[in-house]
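Here's a quick tour of a protein model, written for someone who likes to know the cut-offs behind the words. Have the viewer open as you read.

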Amino acid sequence: MTDRTHLLAPDIAFRPAGLSDAPAFATALTRNRAHMRRWDPVRPDAFYTVEGQTARLTTLLADRDAGRAMPWVLADADDQVIGAFTLSGIERGPFRNGRLGYWVDEGHAGRGLATAAVGAVCDAARDRLGLHRVEAATVTDNAPSQRVLAKAGFEHVGTAPCYLHINARWRDHHLYQRLLHDDPPAG
């Protein structure tokens with residue numbers, strides 16, 4: 001399901017990210033820079049350029065090819081990026097875990113797109129990767145993201161002090177998980 005494009009809404013596609021998305025990412029991230037500042041690390045100006053996004057996507061796609069990550073985009077009817085969802089830090093063995101990160105364009109927030117996409121990521125984590133668990137973390141005051149995770153079946157499992165360096169300081173984060181199945185690890 002998530003290795004090809006499918007619609008989350010009549011005008012919104014959920015599909016794998018590709019290197020050709022670099023210009024659309026640069027545009028979308030620049031457009032949302034002020035909106036996402038309170039939840040993002042401080043990034044150099046070069047991050048918001050086509051070259052910066054090409055470098056970021058090159059690394060991310062290499063991680064995908066190595067089985068360490070799965071990146072997707074939300075795209076509008078014009079195939080412009082309006083969000084991103086990444087399962088990273090994928091681990092096999094007895095842990096069978098991945099870390100979820102995501103964002104949705106400010107102009108498309110509140111439509112249920114994030115909840116639907118998080119559900120699609122979890123389906124892929126279970127069905128394609130055989131993962132047991134997906135984890136996510138939010139800055140403690142990011143109530144919209146916490147609602148998305150709750151609606152998508154995640155449970156709050158704790159709070160980590162000074163978890164990530166966000167918006168120029170170490171920030172506490174609420175930690176969440178969604179258990180995907182109880183089967184023993186395959187192979």
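## Ground rules

This is a predicted model, in which local features need pLDDT of at least 70 and side-chain atom pairs count only at pLDDT 80 or more, while totals for chains, interfaces and linings use all residues. Residues are numbered from 1 along each chain as its sequence is written, and side-chain values use heavy atoms, with hydrogens and water left out.

Helices (H or I, at least four residues) and strands (E, at least two) are DSSP runs, numbered from the N terminus.

## Where H1 meets H3

Two packed helices are described by the angle between their axes and the distance between the axes. For helix H1 (residues 22-31) and H3, the angle is about 115° and the axes are 8 Å apart. The axes here are lines fitted to C-alpha atoms, for helices over the stretch in contact, with angles running from 0 to 180 degrees between N-to-C directions. On the H1 side, the contact (heavy atoms within 4.5 Å) is made by Ala22, Pro23, Phe25, Ala26 and Leu29; H3 brings Val50, Gln53, Thr54, Arg56 and Leu57. By type, that's seven nonpolar, two polar and one charged. The sorting counts Ala, Val, Leu, Ile, Met, Phe, Trp, Tyr, Cys and Pro as nonpolar, Asp, Glu, Lys and Arg as charged, and the others, Gly among them, as polar.

Take a look at glutamine 53, which sits in helix H3 (residues 50-65). Is glutamine 53 buried or exposed? Glutamine 53 is buried, because its relative accessible area is 0%; the cut-offs are under 20% for buried, over 50% for exposed and partly exposed in between, using a 1.4 Å probe and protein chains only. Setting aside neighbours within four places in sequence, glutamine 53 touches Ala22, Phe25, Ala26, Leu29 and Phe47.

## Two nonpolar cores

A nonpolar core is a set of buried Ala, Val, Leu, Ile, Met, Phe, Trp, Tyr and Cys residues joined through side-chain atoms within 4.5 Å. The largest one has 31 residues, and Leu74, Phe85, Leu87 and Phe154 have the most contacts inside it. Elements giving it two or more residues include strand S3 (70-75), strand S4 (81-91) and helix H4 (113-127). H4 supplies the largest share of this core, nine residues. Apart from this core lies another, of 16 residues, among them Ala17, Leu29, Met36 and Tyr48.

Leucine 74, leaving out neighbours within four places in sequence, has contacts including Ile12, Phe14, Val81, Phe85, Leu113 and Ala117. As for H4, its buried residues include Leu113, Ala117, Val121 and Cys122.

Alanine 28 lies in helix H1 and counts as buried, because its relative accessibility is 0%. Alanine 28 and glutamine 80 are 52 residues apart in sequence, yet 7.9 Å apart in space, C-alpha to C-alpha. Beyond its neighbours within four places in sequence, alanine 28 is in contact with Val81 and Trp103.

## Positive phi

Most residues other than glycine have a negative phi, and most peptide bonds are trans. Arginine 96 has a positive phi, near 50°. Arginine 96 is in the loop between S4 and S5 and is buried, because its relative accessibility is 10%.

Asparagine 167 also has a positive phi, near 50°. Its loop runs between strand S7 (155-166) and strand S8 (169-179), and asparagine 167 counts as partly exposed because its relative accessibility is 30%.
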